[in-house]
Amino acid sequence: QVQLVESGGGLVRPGGSLTLSCAASISDTQYSINTLGWYRQTPGNQRELVATINWKGDLKYGNSVAGRFTISREGGADTVRLQMSRLEPEDTAVYYCKALYERGFGISMHAAWGQGTQVTVAS
């Protein structure tokens, strides 16, 4: 029901900035996006929260990125942007867009993941 298209990954130097975008499209208009966000994962580690924003505008940030990253919506509620600043080598990871979407008012809840985009922070 939902497709996620990610963009913006790439190589950036330490201390620099990078912006990721994720556009969600729903094939059935009876479904709607509840929450959009970003998670990241490095080899051998668990996927961890970066930031999320829900339909109401509530924000959630991972402890390691709070104060450096900002998540917001643009072009409607189906597109989310992650502005990353003061990037460090530890931020290097594959970043995945995640959508929580629902039918009606909580009739059912589902999750969809993007394919992932590489972010590399190095000199």
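**Disulfide and open sheet**

A search of the whole structure, which is a predicted model, finds one disulfide.

User: Which residues does the disulfide join, and what is the S to S value?
Analyst: Two cysteine sulfur atoms count as a disulfide when they lie within 2.5 Å. In this predicted model, the disulfide joins C22 to C97, with an S to S value of 2.0 Å.

User: How many residues apart are C22 and C97, and in which strands do they sit?
Analyst: The pair links distant parts of the chain. C22 belongs to strand β3 (residues 18-26) and C97 to strand β9 (residues 93-103), which places the two cysteines 75 residues apart.

User: Is C22 buried or exposed?
Analyst: A residue is called buried when its relative accessible area is under 20%. C97 falls in that class, and C22 is likewise buried.

User: Why is the disulfide of C22 and C97 assigned its handedness?
Analyst: The assignment rests on the torsion about the S-S bond of C22 and C97, which is about -85 degrees. Because of that torsion, the disulfide is left-handed.

User: In what order do the four strands of the open sheet run, and which are the edge strands?
Analyst: The four strands pair in the antiparallel sense, in the order β1-β3-β8-β7. From one strand to the next the twist averages 15 degrees. Pairing on one side only marks the edge strands, which are β1 (2-7) and β7 (69-73).

User: What is the bridge partner of I71 in β8?
Analyst: β7 and strand β8 (residues 79-84) pair in the antiparallel sense over five bridges. In β8, the residue that partners I71 is L82.

Methods:
Residues are numbered from 1 along each chain as its sequence is written. This is a predicted model: local features need pLDDT of at least 70, side-chain atom pairs count only at pLDDT 80 or more; totals for chains, interfaces and linings use all residues. Side-chain values use heavy atoms; hydrogens and water are left out. Buried means under 20% relative accessible area, exposed over 50%, partly exposed in between (1.4 Å probe, protein chains only). Two strands pair if DSSP finds at least two bridges between them. Axes are lines fitted to C-alpha atoms, for helices over the stretch in contact, and angles run from 0 to 180 degrees between N-to-C directions.
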